[in-house]
Every structure is written in C-alpha cells, then in structure tokens.
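Subject: Structure handover

Hello,

Here is the structure for you to look through. Please open it beside this email as you read.

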Amino acid sequence: MKNDYRNTVYEVPKKNIIDEKKALEERIKREHPKVKIIYNQINKRDSEYNKQFRNIYNNKCAYCGITTDVISCELFEVDHFICESSFNEDFINAGKINNLVLSCKKCNRAKKDFIWSEAYSPRFNVDDESITELFYRDEEYYIRTEQKYITDNIICSFYRKLKLDEEIRRLDFLLMNMYGFYNKYSDDKNIEKILKCIMFLQKKRNEL
Ligand SMILES: [Zn+2]
C-alpha cells in the first residue's frame, strides 16, 4: 500500500471521504433548500454540519495530517481547495463541498491564494489520496517530494508554499506517533512513562 505521509502506522486511512462529503451536501440541501452557499453552513463553528465535516476527515488536516491529539480543534478550518479568488465571485461554486477540505490553520494560512494551473488540481487532490503520489514521509519523519517530481515547479511550489519542509512537521509527526502508541498500549503498566514524555514534548511544542 502507498505510504500516506499524513498517517502514522496507528491510523486507519479514511477511504470514503468523497462519498461522505457528497452525502453531507445532500443533507444540507435537503434540510435547508434555500441555502445556496454550502461553505457558509459547514463553516459555522460548533454547528452539526461543521462537526460532521470534521468527522469525515477524522479531525485531521487534509494537507499535513496533523490531528486534534496535537493541536486544539479550534486550530482547524474549512479551506477552499481551489482558492475562492479563482472563481470570479462565483461563491456558490467555490463553496460547493467538493471544493472544501479540512485544514489546519498553519496549512490554510500558508496556502492562502495559492493558484495553480487547473491540470494540477487532480494531482493535489487530498480526498482521493492523489497527493500521496507526490510526497512521502522519510525515516526521519521529513515530508519529501518524490524524486520524479523534484523538477516540477508547480509541485515544488506547493510543497514550499505549504511549508511541508519545516522541522515542526517532524515534531508533530513524532507526537502523533507517540499518541498512537500510547492509545494502543494504554493497558501496559509502563505506559505512564510514555505519557510523561508526551506531555513534556507537547508543552515544548506549544511554546514554539
Ligand atoms: Zn496542516
């Protein structure tokens, strides 16, 4: 199976994001027939739709994979995959659910207004795992660009723009692994020691 740089070995990858999103959009249309811009419904914090949208993504950033174990759920946002400005004020199409993804604030801010040529949209698709063909996680937890794409300017711009190269991506992945390990072996008598390490590291991370 393809290495998904966003998941640790403790996570089960989500397979049906696209179908679940479609079902959520249908539900919103059914319950609010007059609503035109789906984004506005999903983006309402603490709404049932927002919660469901987050659950579809397993409360993980679709770009970097960070989870609510490591950062607060308040640091997650609904991102326009193809940025809103590309739609020439067509907010209805920009806000359709197939253009919305769950993103951490860091990725969303970094990606802001990044425009790529249309042909690249399927390659950057985060819902069907196409993006995992472009990047991988190495043994030292760095996110890297696949060798065959290192001369591709647009893919490399995406990588840099989203700051996938930053050291904090490694630290976050280490923490995700530690939480995964902790949850898997929570009955072990020594697990409290791991928890202490996690808490220490998490505190340091939050100070960055
Ligand atoms: Zn992210």
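Below are some notes on one pair of strands and on some salt bridges.

This is a predicted model, in which local features need pLDDT of at least 70 and side-chain atom pairs count only at pLDDT 80 or more, while totals for chains, interfaces and linings use all residues. Residues are numbered from 1 along each chain as its sequence is written, and side-chain values use heavy atoms, with hydrogens and water left out.

Strands (E, at least two residues) and helices (H or I, at least four) are DSSP runs, numbered from the N terminus. Strand E1 (residues 76–80) pairs with E2 in the antiparallel sense over five bridges; two strands pair if DSSP finds at least two bridges between them. Val78 has Leu102 in E2 as its bridge partner.

In strand E2 (residues 100–104), five of five residues are buried (under 20% relative accessible area; exposed is over 50%, partly exposed in between; 1.4 Å probe, protein chains only). Leu100, Leu102 and Cys104 lie on one side, Val101 and Ser103 on the other.

The count of salt bridges is 14 (a side-chain nitrogen of Lys or Arg within 4 Å of a carboxyl oxygen of Asp or Glu). One of them joins Lys60 and Glu11, at 2.7 Å from N to O. Lys60 lies in the loop between helix H3 (48–56) and E1, and Glu11 in the segment before helix H1 (17–31), so the pair ties together parts 49 residues apart in sequence. Lys60 is buried, at 8% relative accessibility.

Arg109 forms a salt bridge with Glu77, with the closest N and O atoms 3.1 Å apart. Arg109 is in helix H5 (residues 105–111) and Glu77 in strand E1, 32 residues apart. Glu77 is buried at 15%, whereas Arg109 is partly exposed at 48%.

Regards
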